[in-house]
Amino acid sequence: MSSAFWLTNVLLETGYQVEQGVIAGTNTGCFHLLIRDGNIAQIAPSDTVITDGLPRKDARRRLALPSFVEKHCHLDKTMLGDRWRAVTPAANIFERFEIEKEVIPSLRTTMQERAERLLEIYLQAGVTHVRTHVDIFPEAGLNHLHAVRQALQTFEGKLTYEIVAFAQHGLLRTKAQSLVREALREGASLVGGVDPAMVDGDIEASLQAMVELAVEGNAGIDLHLHDPDHLGVFTIKRLAWLTKEAGLQGKVAVSHAFGLGEISPSEAEAMGDILADAGVAVITSVPMGRKFPPVGLLRGKGVEVAVGCDNIFDVWSPFGNGDILERAGRLAQISKWVDERSLAQTLYFITGGKTPLDDEGNQVWPKVGDEASIVLVEASCSAEAVARRSKRAAALFKGTVVSGSIQSGTI
């Protein structure tokens, strides 16, 4: 594709329709976007006469949204592309670890093949950035990291990514510090841990080890925290304090953080202040059947919050389809966000904080100079896209079509 072309007849949101003081819908307009060197160089009304002779791609009045971010996946765990199997019951998390250690090496397909299968599904869903955890433990060494890196390399130019060196079986319990350190030298950019109290058996020592590795490796932290109620909250508070002490603000996240959904609203408000002050993000997979963090409240407090799909057909869960927009719709449905603005703003959680309109209805995306990473959906507005999980017609990454198709067009 040429480094410059026009993406024509693109539907963009321009503001909310307000009737008698109430938002009744979303206004849209049809525009042409000049894409040059991976960025949006010009935005012109669709009645503009284009005479520069550059190639044109016709969006056919599909709605443009910021491309999506998958903030929590496990490319090394998925069994997509292999034979069907349901989940084997396990009495506890430690039994699940052992089952996984037996099953993954026995699969007939390679880890790279399965990871690539999931990455292709993500592209089709409109995802152009993934954060993947890869298991690091003594029996496997860095094998998972190497396989996932190979898979990601086949998608260079189609998406960006972060890799978490995930000591799932316990950073201290398996004495995995040296392996994590090596993983950081080989391409991982975050230190991953899990349940310092339950798995490692020592909250303080486990958190300190994670922070030390992150500081040493100039890396971030993404902690899986399933511990409930005030045990989970205590752990988060301590991590927030250590984050500030180590100067890691903006580089630390807590995934799941179920405890934040199991405390009173006033306690959650206070935790929101603590997390915002420490620059600690929260990532949720929006589980069904268990309370999860009050993401609307946390966002209002200035906490960075994101949604990820997490398990996609693995030994932990037979479910999941890799559609992050569907997961956003689940979040809106469970949270009872049913009005136009609330539905539209749900996109914030799957786009790295980008939405076409801000809370007041001002158009804030796209702007000239923005990266041309765009998903075209068959919907009239963001609210409909979230509520109806609208079909993705195509996705662009830095101006390159990476899934679906856009026909050459004339004006």
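Which hand does the crossing of helix 6 and helix 7 have, left or right? It's right-handed. Keep in mind that this is a predicted model. Below is a quick tour of that helix pair, the nonpolar cores and some of the salt bridges.

**Helix 6 against helix 7**
- Helix 6 covers residues 203–216 and helix 7 covers residues 229–246; their axes come within 10 Å and cross at roughly 35°.
- On the helix 6 side, the residues making the contact are Ile 203, Glu 204, Leu 207, Gln 208, Val 211 and Val 215.
- Facing them from helix 7 are Leu 231, Phe 234, Thr 235, Arg 238, Leu 239, Leu 242 and Ala 246.
- Sorted by class, that contact has nine nonpolar, two polar and two charged residues.

**Nonpolar cores**
- The largest nonpolar core has 101 residues, and those with the most contacts inside it are Phe 68, Leu 75, Leu 119, Tyr 122, Ile 136, Val 180 and Leu 260.
- Helix 6 turns up here too: it supplies seven residues, the largest share of this core.
- If you skip neighbours within four places in sequence, Val 180 touches Ile 136, Ala 165, Ala 167, Leu 171, Val 191 and Leu 213.
- There's also a second, separate core of 17 residues, with Phe 5, Phe 31, Leu 33 and Ile 40 among them.

- The salt-bridge count comes to 16.
- One of them pairs the side chains of Asp 222 and Arg 131 at 2.9 Å, N to O.
- Asp 222 sits in strand 9 (residues 220–225) and Arg 131 in strand 6 (residues 127–135), so the pair links parts of the chain 91 residues apart.
- Both ends are buried: Asp 222 has 0% relative accessibility, and Arg 131 has a relative accessible area of 7%.
- Salt bridges with shared partners tie Asp 222 and Arg 131 into one network with Lys 71 and Glu 162.

- Asp 277 and Lys 244 meet through their side chains at 2.5 Å, N to O.
- Glu 262 and Arg 290 form another salt bridge, at 3.7 Å, N to O.
- This one runs loop to loop: Glu 262 lies between strand 10 (252–256) and helix 8, and Arg 290 lies between strand 11 (280–284) and helix 9 (295–300), 28 residues apart.
- Glu 262 comes out partly exposed at 24% relative accessibility, and Arg 290 does likewise at 32%.

Definitions and conventions
Residues are numbered from 1 along each chain as its sequence is written. This is a predicted model: local features need pLDDT of at least 70, side-chain atom pairs count only at pLDDT 80 or more; totals for chains, interfaces and linings use all residues. Side-chain values use heavy atoms; hydrogens and water are left out. Axes are lines fitted to C-alpha atoms, for helices over the stretch in contact, and angles run from 0 to 180 degrees between N-to-C directions. Helices (H or I, at least four residues) and strands (E, at least two) are DSSP runs, numbered from the N terminus. A crossing is left-handed if the near helix is turned anticlockwise from the far one by less than a right angle, and right-handed if clockwise. Contact means heavy atoms within 4.5 Å. Ala, Val, Leu, Ile, Met, Phe, Trp, Tyr, Cys and Pro count as nonpolar, Asp, Glu, Lys and Arg as charged, and the others, Gly among them, as polar. A nonpolar core is a set of buried Ala, Val, Leu, Ile, Met, Phe, Trp, Tyr and Cys residues joined through side-chain atoms within 4.5 Å. Buried means under 20% relative accessible area, exposed over 50%, partly exposed in between (1.4 Å probe, protein chains only). A salt bridge is a side-chain nitrogen of Lys or Arg within 4 Å of a carboxyl oxygen of Asp or Glu.
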